[in-house]
Amino acid sequence: MSTLFTPNIHTARLILRPLTPQDAPALLAIFSDPQVMRYWNTGPWSDLKTAQDFINSSAEAMDKQESLTLGIVRKDSAELIGKCMLFSYAATSKRAEIGFAIGAAHWGLGFVPEASQALLNYGFDSLRLRRIEAEIDPDNVASGKTLERLGFAKEGYLRQRWEVNGVVSDSALYGMLASDRAASMP
Ligand SMILES: CC(C)(COP(=O)(O)OP(=O)(O)OC[C@H]1O[C@@H](n2cnc3c(N)ncnc32)[C@H](O)[C@@H]1OP(=O)(O)O)[C@@H](O)C(=O)NCCC(=O)NCCS
């Protein structure tokens, strides 16, 4: 079977690889933290089954070539520290959306930029995407900085788009084109 939607991607400090059932406890530890989930489109996870269901549905979506979810593993400790995704894949339009999160203990070390750059390269070079987009809470300053440093342009602003546990929030939309990337390369 093709491994296009189940890659292992190595960067200087990280391995991006499909999640396995054994990852459920580590994933729950990360996604049950309210700090990590502050700007997420769901509340914090509260039980192991949520993590197991996420891993199963990610594997099914990858089998069907609908989205790509990769665990982010630190090479120095072999620890699963988060995940990154290309989802809302629209094959005909050659477009997908990127998402990422890592545990708070690993913030500020450039791990998400490193993982995301590798995932963007994979999306543009291997999946032949023309456009990758991202949607974030405009209050999520750290995430906006990460996207802009990766070369995303802020393209739009949607008011009161989400309501999570009674809290209403806006969305900032970002986009990056394969041609933007080509233009910024030396
Ligand atoms: C936002 C996030 C993806 C950034 O990843 P990262 O690997 O920490 O990225 P960087 O190391 O480049 O740091 C980016 C910014 O995060 C912020 N940051 C770093 N360490 C931090 C900490 N300990 N506490 C709070 N913010 C911190 C800073 O604003 C930093 O910008 P600076 O370098 O100009 O100071 C990460 O914090 C995260 O996973 N957050 C929770 C999930 C989330 O919000 N995902 C995005 C929604 S789509």
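Predicted model: local features only at pLDDT ≥ 70, side-chain atom pairs only at ≥ 80, totals over all residues.
User: How far is an oxygen atom of the ligand from an N or O atom in the side chain of Asn140?
Analyst: The gap is 2.8 Å. Residues are numbered from 1 along each chain as its sequence is written, and side-chain values use heavy atoms, without hydrogens or water.

User: How far from a ligand oxygen is the side chain of Lys145?
Analyst: An N or O atom in the Lys145 side chain lies 3.0 Å from a ligand oxygen. Val112 uses its backbone: an N or O atom there is 2.9 Å from an oxygen of the ligand.

User: How much of the ligand does the protein cover?
Analyst: The protein covers 72% of the 920 Å² of accessible area that the ligand has on its own (Shrake-Rupley method, 1.4 Å probe).

User: How many residues surround the ligand?
Analyst: There are 19 (a heavy atom within 4 Å). Phe100, Gly108, Gly110, Asn140 and Arg149 are the closest.

User: New topic. What order do the strands take in the sheet?
Analyst: The 8 strands run 1-2-3-4-5-6-8-7 in an open sheet with mixed pairing. Strands are DSSP E runs of at least two residues, helices are H or I runs of at least four, and both are numbered from the N terminus. Paired strands share at least two DSSP bridges.

User: Which strands stand at the edges?
Analyst: Strand 1 (9-10) and strand 7 (153-164) do. Each has a single partner strand, so one side of each lacks a neighbour in the sheet.

User: How do strand 7 and strand 8 pair?
Analyst: They are antiparallel, over 8 bridges. Tyr157 has Ala172 in strand 8 (residues 167-177) as its bridge partner.

Conventions
Polar contact = N/O pair within 3.5 Å; in protein donor to acceptor, adjacent residues only side chain to side chain.
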